[in-house]
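Work through the exercises below with the sequence and the coordinates at hand. Each task is followed by a stepwise solution.

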Amino acid sequence: MERKIRAIYPGSFDPITNGHIYIAERAAAIFGEVRVSILVNLRKQYTFDVEDRHAMAAEALSHLPNVTVDHFTGLLVDYMRQHNAQVIIRGLRAMSDFEYEFQMALINRQLAPEIETFFIITDAQYSYLSSSLVRDIFQLGGAMENVVPPSVFRRLRERFPAHFD
Ligand code: PNS
């Protein structure tokens with residue numbers, strides 16, 4: 001019997017970028033179901049609230065039939081057990097990501113040995129890209145077209161009106 005592997009792709013997605021979309025597409029080609037799960041950490045300040053982060057991600061991933069969007073609070077492994085998910089997807093850009101990802105993967109394994117973390121290397125064109133960098137650029141009055149999907153671009157411009165328009 002074929003087993004459908006359920007994977008969770010967790011993150012802040014504040015906002016989702018083309019780099020995240022690339023990882024979700026590659027994960028969707030491997031796993032039966034991929035759930036993009038947006039963290040709501042009540043102690044953290046986000047640029048976009050969870051409804052906005054959710055709406056942007058759902059729109060950007062609507063072309064992938066086996067990908068859904070959800071959000072969670074608390075421990076990732078608890079959430080995964082509730083949803084019967086076996087695999088955590090994380091994207092890797094450069095070596096600088098490794099230390100944090102290694103630590104997180106080992107902590108999650110300690111908490112839930114049955115869950116596997118699966119790393120997908122980003123596309124070279126997105127190796128420099130991060131949500132925080134994108135937010136900073138827009139906040140400072142810049143605009144980058146090809147790093148976020150159109151709906152995210154629009155919301156960033158609304159949130160941070162360009163200084164020189
Ligand atoms: O996009 P990010 O901020 O790099 O994602 C980090 C995330 C959401 C995967 C991580 O912070 C997380 O899983 N948080 C939930 C709390 C938890 O389970 N912590 C233990 C693992 S470090």
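The model is predicted, so local features need pLDDT of at least 70 and side-chain atom pairs count only at pLDDT 80 or more, while totals for chains, interfaces and linings use all residues. Residues are numbered from 1 along each chain as its sequence is written, and side-chain values use heavy atoms, with hydrogens and water left out.

**Exercise 1. Strand pairing and crossovers**

Task: Determine in which sense β1 and β2 run and how many bridges join them.

Solution: 
1. Helices (H or I, at least four residues) and strands (E, at least two) are taken as DSSP runs, numbered from the N terminus.
2. Two strands pair if DSSP finds at least two bridges between them.
3. β1 (residues 6–11) and β2 (residues 33–39) run parallel and are joined by 6 bridges; Arg6 has Glu33 in β2 as its bridge partner.
4. Between these strands the chain passes through helix α1 (residues 18–30), and the β-α-β crossover is right-handed. The term applies if, with the strands pointing away from the viewer, the path from the first strand over the helix to the second runs clockwise.

Task: Find which residues of β3 stand opposite Val34 and Ile38.

Solution: 
1. β2 is joined to β3 (residues 67–72) by 6 bridges, and the two run parallel.
2. Val67 stands opposite Val34, and His71 stands opposite Ile38.
3. With helix α2 (residues 50–60), β2 and β3 make a right-handed β-α-β unit.

Task: Describe the pairing of β4 and β5.

Solution: 
1. β4 (residues 87–92) pairs with β5 in the parallel sense over 6 bridges.
2. Val87 has Glu116 in β5 as its bridge partner.
3. β4, α4 and β5 make a right-handed β-α-β unit.

**Exercise 2. Backbone geometry in loops**

Task: Locate the cis peptide bond at Pro15, then state whether Phe13 is buried or exposed.

Solution: 
1. The cis bond joins Asp14 and Pro15, with omega about 0 degrees.
2. Pro15 lies in the loop between β1 and α1, and Phe13 is found in the loop between β1 and α1 as well.
3. Phe13 is not a glycine, yet has a positive phi of about 45 degrees.
4. Buried means under 20% relative accessible area, exposed over 50%, partly exposed in between (1.4 Å probe, protein chains only). Phe13 has a relative accessible area of 2%, so Phe13 is buried.
5. Asn84, in the loop between α3 (76–82) and β4, also is not a glycine and has a positive phi of about 55 degrees. Asn84 counts as exposed because its relative accessibility is 58%.

**Exercise 3. Salt bridges**

Task: Find the salt-bridge partner of Asp14 and that of Asp52.

Solution: 
1. A salt bridge is a side-chain nitrogen of Lys or Arg within 4 Å of a carboxyl oxygen of Asp or Glu. The structure holds 10 salt bridges.
2. Asp14 meets Arg135 at 3.6 Å, N to O. This pair links distant parts of the chain, with Arg135 in helix α5 and Asp14 in the loop between β1 and α1, 121 residues apart.
3. Asp14 is buried because its relative accessible area is 5%.
4. Asp52 forms a salt bridge with Arg155, with the closest N and O atoms 3.1 Å apart. Asp52 in helix α2 and Arg155 in helix α6 are 103 residues apart.
5. Asp52 is partly exposed at 21%, whereas Arg155 counts as buried at 18%.
6. Arg93 and Asp97 form a salt bridge, with the closest N and O atoms 3.0 Å apart. Arg93 is partly exposed at 37%, and Asp97 is buried at 13%.
7. Salt bridges that share partners join Asp52, Arg155 and Arg159 into one network.
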